[in-house]
Amino acid sequence: MMEDDFSYRNGYQRNTRRTVTFIPRFTIAVILLNLLIFLFTDLFGFAYQEEIVDWGALEWYSVLKQGEWYRIFTSMFLHSDMEHIGNNMFILACMGYYLEREIGSVRCGILYFGSGILAGCTSMVYNMVQNSFVVSIGASGAIFGTIGALLYIVLFFKQKEFQYSIQQVAFLVFLSLYSGFVNQEVDNAAHVGGFIAGFFIMGLLSIGLRRKKNQ
């Protein structure tokens, strides 16, 4: 007798389906790209603010007045030092793996880059209103988008069991935002913008996920 997914022997049920190891391809690719870019730029160093701007850092005047819109994207792949990129990539590895496993690589990519772009826009608007010429780099805006997406999942995907509880994700959100607000060198506008963007982008993506499930 052929065994399918389950077999019954001696009065108990045994699952014979093989567990498939999930590989978060998008998350791995983004981490590797960030590391390669950091290694390349670190060879030349960021000794002066002008050098950071030349590499593609985000600055509202260059974007809005000089039309260098590419900076919203390139700034997501620049990091100042080992601690900066180490912290960001560690959080991305943890959050990205779980998120990509739940929504897929394509949707994870849309959410990551969408959150990063909107985080950059939020940062520019805030600094422009403050008449501040702050230069921003780092993937944290996009990473906060993944945190916002996870909060949406634990709040509204109640039909599934998840690794993280609402309390755990809420604490992660609080801890992440608090650590930013106590550090004057952190672009908190980008963090808040990325988090809100990730939450609402996940809401839009969930419409497609529900439609696919119902087909």
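Me: What makes G96 stand out in helix α5 of this predicted model?
Reply: A kink of about 30° in α5 is centred on G96. G96 is also among the buried residues of that helix, along with M95 and Y98.

Me: How do you know that the span of α5 agrees with its number of residues?
Reply: Helix α5 has 22 residues, 82-103, and at 1.5 Å a residue they should span 32 Å. The end C-alpha atoms are 30 Å apart, so the two values agree.

Me: What is found at the start of α5, and what follows the helix?
Reply: At the start, a side-chain oxygen of D81 comes to within 3.2 Å of the backbone nitrogen of E83. After the helix comes G104, with a positive phi near 95°.

Me: Why is C94 called partly exposed?
Reply: Its relative accessibility is 32%.

Me: What makes R71 and E68 a salt bridge?
Reply: Their closest N and O atoms are 2.6 Å apart. The cut-off is within 4 Å, so the pair qualifies. R71 is buried at 5% relative accessible area, and E68 is buried at 19%.

Me: How do you know that R101 and E102 form a salt bridge?
Reply: The closest N and O atoms are 3.7 Å apart, and that is within 4 Å, so this pair counts too. R101 is partly exposed, at 36%.

Conventions:
Residues are numbered from 1 along each chain as its sequence is written. This is a predicted model: local features need pLDDT of at least 70, side-chain atom pairs count only at pLDDT 80 or more; totals for chains, interfaces and linings use all residues. Side-chain values use heavy atoms; hydrogens and water are left out. Helices (H or I, at least four residues) and strands (E, at least two) are DSSP runs, numbered from the N terminus. The expected span of a helix is 1.5 Å times one less than its number of residues. The bend at a residue is the angle between axes fitted to the seven residues ending there and the seven starting there. Buried means under 20% relative accessible area, exposed over 50%, partly exposed in between (1.4 Å probe, protein chains only). A polar contact is a pair of N or O atoms within 3.5 Å; within protein, one must be able to donate a hydrogen and the other to accept it, and residues adjacent in sequence count only if both atoms are side-chain atoms. A salt bridge is a side-chain nitrogen of Lys or Arg within 4 Å of a carboxyl oxygen of Asp or Glu.
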